[in-house]
Amino acid sequence: MKMPVMERNRIKKDFYWGGATAANQFEGGFIEGGKGLVKTDVMTGGSAKAPRMVTYVMPDGTTGTVSKYAPLPEGARAAVLDGYYYPNQIAADFYHHYKEDIALMAEMGFRMFRMSIAWSRIFPKGIEEEPNQEGLDFYRNVFEELRRHNIEPLVTIHHFDTPLYLEEEYGGFNNRKTIDLFIKYCDVIFHEYKDLVRYWLTFNEINLPLAFKYVLGDQTKKQEEDTFYMMHNEYLASARAVKLGRSINPDFKFGCMIAAVISYPETCDPKDILMDRERWEQGIFYSGDVHCFGEYPTYAKRMWKGLDIDFPESDLKELKEGTVDFYTFSYYNSSVTATHPIGDSVEGNLTRGAKNPYLKYSDWGWGMDPDGLRYCLEVFYDRYKRPLMVVENGLGAYDNVEADGSIHDDYRIAYLKEHIEALKEAIDNGVDCIAYTPWGCIDLVSASTGEMRKRYGFVYVDIDDEGNGTLNRLKKNSFYWYKKVIESNGEEL
Ligand code: BGP
């Protein structure tokens, strides 16, 4: 029997090549135009070894700092203090450079730009009656500028930046009142930008609290319950936003955003295999399943064992009514699940565990694994049968500016090339992936460490970890390389 010649599935012509950022890591202008504070505005820089610190003031006026992972002391308020440098306050200053930055994106040929709206620019504390006009104008200008360059905005509504006031007064999404305030914010931006934005992502990496649970180890029953309720409130907020958005503009398309913190079992010991599967379910699938299927999965019963979890029927109905149109995720590295004592241990994008001897590790210890991208693209597509977008991927690395201003970031090109090859393979295998927006396309502040020197961009931003620099933009070698990749629709890597 003669086999039919199989045509290779290629990247479609209208594929969205682009790049990704988030307001709090990229914009700066932290109190300009009436913007309110968010947690990162009161966080110092850290490093792979030292955590970022939150600065605070006590009711008696004494001040202090505490790790961003720890709660503030009783009665303390997070505050901006003299004598500290807060990297997110200036970040890459997109607030004042947006025209120049968008022109650079257009020069590379971007067809999509993922960015987020800072809730605190629209409602500085989150509780105001009326939105802040200057904040609305800023994003209108940005979206119009993107449209002028034929770049499609992909807008994250919430990227780790609940207004600080809501976090401190309401406990953020632990409190159901925050859902109503979030929906009010959505209502404003959906009306305001209904003719400028089509693609929306509700919550960035919504799955992280559960993925992180594996790393944190044992928690109290109360802590575990709080996490599940907080996440439920975010899922509910997302579902309501989707439903509301569709009523405002039926052409809106909504996606979820999941951190693909994938892992492999260390050995063929069935215990490793089982634990790894449970880790995928808890850390990745649980959130995607609720977003895509509109209901909690069967294995949730196992995850809730021994806890008092009981969500109102009316909530569950709402989850069903607000499922997403497409599935997006971030992917940087993979990790290893081991039930046996481990030798070398490493950290990744909010993951921690045994070292994989088959991978190379970045300067920040993230295991570089292009095959993992193909692996999760195929797993996600098979599970959800919805268009996928890779909305974060990339290599955080030290860059060196030569005397003539050139930056030879061949390591970054190598990383991206391998990942795009993996993406092409997944597409050839039938996966409907419609976008690739590598992270930090223009250098920005690292979320985990607060460093500027952990750079991801095609464009270098001249500012260091103490805030010194001109904020000038310089094109790296990867800039010219990526331009060629886009021009050839991924054929020339
Ligand atoms: C993801 C976040 C981003 C981004 C990225 C890279 O978890 O969605 O905000 O920062 O990770 O991580 P880092 O900045 O820590 O290198």
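These questions and answers show how terms are applied to a predicted model. Local features need pLDDT of at least 70, side-chain atom pairs count only at pLDDT 80 or more, and totals for chains, interfaces and linings use all residues. Residues are numbered from 1 along each chain as its sequence is written, and side-chain values use heavy atoms, with hydrogens and water left out.

Q: What makes domain 1 and domain 2 the domains of the protein chain?
A: Domain bounds come from an automatic or database domain assignment. That assignment gives 16–39 + 85–487 as domain 1 and 46–84 as domain 2. Their centres, taken over C-alpha atoms, are 25 Å apart.

Q: How do you know how many residues of domain 1 and domain 2 are in contact?
A: Contact means heavy atoms within 4.5 Å. The count is 19 residues of domain 1 and 16 residues of domain 2.

Q: What is the area that domain 1 and domain 2 bury between them?
A: Buried area is the accessible area (1.4 Å probe) that two parts lose on being put together, summed over both. Here that comes to about 1300 Å². Carbon and sulfur atoms hold 49% of it.

Q: Why is the meeting of arginine 77 and glutamate 168 called a salt bridge?
A: The term needs a side-chain nitrogen of Lys or Arg within 4 Å of a carboxyl oxygen of Asp or Glu. The N to O distance for arginine 77 and glutamate 168 is 3.5 Å, so the pair meets the rule. Between domain 1 and domain 2 the count is two salt bridges.

Q: How many residue pairs are in polar contact between domain 1 and domain 2?
A: The count is nine, with both residues at pLDDT 80 or more. Helix 2 (87–90) and helix 6 (164–170) are the elements that give two or more residues to the side of domain 1 that touches domain 2. That side divides into eight nonpolar, six polar and five charged residues.

Q: Why are arginine 77 and glutamate 168 called partly exposed?
A: Buried means under 20% relative accessible area, exposed over 50%, and partly exposed in between (1.4 Å probe, protein chains only). Arginine 77 has 38%. Glutamate 168 has 27%. Both values fall in between, so both residues are partly exposed.

Q: Why is serine 334 called buried?
A: Its relative accessible area is 4%. That is under the cut-off, so serine 334 is buried. Serine 334 lies in the loop between strand 10 (326–330) and strand 11 (335–337). Leaving aside neighbours within four places in sequence, serine 334 is in contact with Ile262, Tyr264, Leu359, Gly367 and Asp369.

Q: Why are aspartate 226 and lysine 222 separated by about one helical turn?
A: They are four residues apart in helix 9 (residues 221–248), which explains the separation.

Q: Is lysine 222 exposed or buried, and what makes it so?
A: Lysine 222 has a relative accessible area of 53%, so it counts as exposed. Aspartate 226 has 33%, so it is partly exposed.

Q: What makes the pair arginine 453 and aspartate 465 a salt bridge?
A: The N to O distance is 3.4 Å.

Terms used: A polar contact is a pair of N or O atoms within 3.5 Å; within protein, one must be able to donate a hydrogen and the other to accept it, and residues adjacent in sequence count only if both atoms are side-chain atoms. Ala, Val, Leu, Ile, Met, Phe, Trp, Tyr, Cys and Pro count as nonpolar, Asp, Glu, Lys and Arg as charged, and the others, Gly among them, as polar.
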